[in-house]
Amino acid sequence: MEISFTGKRALVTGAGKGIGRATALALARCGAKVVAVTRTQADLSSLVQECASISPVCVDLADWGATEVALRDIGPIDLLVNNAACASLQPFLEVTPDQFNHSFDVNVKAVLHVSQLCVSGQIVARGMKARGSGGSIVNLSSQASQCALRDHAVYCATKGALDMLTKVMALELGPYQIRVNSVNPTVVMTEMGRLGWSEPEKAKTITSRIPLGRFAEVEDVVNSILFLLSDKSNMTNGVTLPVDGGFLAC
């Protein structure tokens, strides 16, 4: 099944590393004009070296005002991937207000804000809604939205909130032919994932609960994102799609 995004413009947040970077590169290979957003200039520079057609934007999405300025002149967007996220892990009784607020600012509030900008055209010229040509938004959630994990109280809460935000966005934006879905992976073997889960005994605590017996690779998640962005999923809206090898089925 071939997927082409020729003539489409895509914005990917958290595009400097891991899933976001791989998604930006895959969209470019499929013909899209890609705007890559991340807060680290070095990551953007290396991304543009790898694919010169990608337009870089360096901004901390937790900063509402800076985000509006940074995205003001990027032009119309057809496809949006809200991938930027943070994970600050601590036991429930040790969660601080700063940790809570920062996690929600990045994992939930920034998704709402960037999506508003791309859909309404308040900042982004000729937003999805105003152009009347529809669009597709994919939010990167997690299996942690539906399964409690020790030391993940705030992270699980942000992803649960993101899943419900996805459904409400799908409900309200559907009449404008803007589809909104989320992808909910298990542990993914990004560079950070390999560092965090390379110890066999630790990995087994999760893989033993996955019927397929392994973690996800970056490509597994990227392929699901591309499908949900494409017209191959034209009737898919408001879905939280597990990419977890069956973890949530158990």
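# Pockets, rings and cysteines: a chat

Me: Which residues lie nearest the centre of the second largest pocket?

Reply: Those are Arg179, Leu229, Ser230, Asp231 and Asn234, out of a lining of 23 residues. Keep in mind that this is a predicted model. The pocket's volume is about 410 Å³.

Me: What makes it a pocket, when another space here is called a cavity?

Reply: It comes down to whether the probe can get out: a cavity is a set of points where a 1.4 Å probe fits but cannot get out, while a pocket is an open set. The second largest pocket has strands in its lining too, as β5 (135-140) and β6 (178-185) each supply at least two residues.

Me: How do the residues of that lining divide by class?

Reply: There are 6 nonpolar, 11 polar and 6 charged residues in the lining of the second largest pocket.

Me: And how many cavities of 30 Å³ or more does the count come to?

Reply: The count comes to 1 cavity. About 30 Å³ of space lies in the largest cavity. Its lining is made of Thr13, Leu61, Asn82, Asn83, Ala84, Val106, Ala110, Val111 and Val114. Helix α4 (residues 97-120) gives the largest share of that lining, with 4 residues. By class, the lining of the largest cavity has 6 nonpolar and 3 polar residues, and no charged ones.

Me: Why is Ser142 called buried?

Reply: Buried means under 20% relative accessible area. Ser142 has 7% relative accessibility, so Ser142 counts as buried. You'll find Ser142 in the loop between β5 and α6 (153-173). Not counting residues up to four places away in sequence, Ser142 touches Tyr155, Lys159, Val183, Asn184 and Pro185.

Me: Is Thr190 buried or exposed?

Reply: Same test: the cut-off for buried is under 20%, and Thr190 comes out at 16%, so Thr190 counts as buried. Thr190 sits in the loop between β6 and α7. Leaving aside neighbours within four places in sequence, Thr190 is in contact with Gly18, Ile19 and Val218.

Me: How many disulfides does a search of the whole structure find?

Reply: The search finds 0 disulfides. Take Cys58, which is in no disulfide: the nearest cysteine sulfur, that of Cys86, is 17 Å away. Cys58 is partly exposed, with a relative accessible area of 36%.

Me: How many aromatic pairs does the structure hold?

Reply: The structure holds 2 aromatic pairs. In one of them, the rings of Trp197 and Phe215 have their centres 5.7 Å apart and their planes at 70°.

Me: What makes the pair of Trp197 and Phe215 edge-to-face?

Reply: Two checks. Ring centres have to lie within 6.5 Å to pair, and planes over 60 degrees apart count as edge-to-face. With centres 5.7 Å apart and planes at 70°, Trp197 and Phe215 pass both, so the pair is edge-to-face.

Me: Which parts does that pair tie together?

Reply: Trp197 is in helix α7 (residues 191-197), and Phe215 is in the loop between α8 (200-207) and α9 (218-229), so the pair ties together parts that are 18 residues apart in sequence. Trp197 counts as partly exposed at 22% relative accessibility, whereas Phe215 counts as buried at 10%.

Me: Why is Gln177 called exposed?

Reply: Exposed means over 50% relative accessible area. Gln177 has 58%, so Gln177 is exposed.

Note on methods
Residues numbered from 1 in each chain as written. Predicted model: local features only at pLDDT ≥ 70, side-chain atom pairs only at ≥ 80, totals over all residues. Heavy atoms only, no water. 1 Å grid on protein atoms, 1.4 Å probe; cavity = no way out; pocket = protein on both sides within 12 Å on 5 of 7 lines; lining within 4 Å. Points joined across faces, edges and corners; volume = space filled by probe spheres on them. Nonpolar A, V, L, I, M, F, W, Y, C, P; charged D, E, K, R; others polar. Buried < 20%, exposed > 50% of the residue type's maximum accessible area, 1.4 Å probe, protein only. Contact = heavy atoms within 4.5 Å. Disulfide = S-S within 2.5 Å. Phe/Tyr/Trp six-rings, centres within 6.5 Å; stacked < 30°, edge-to-face > 60°.
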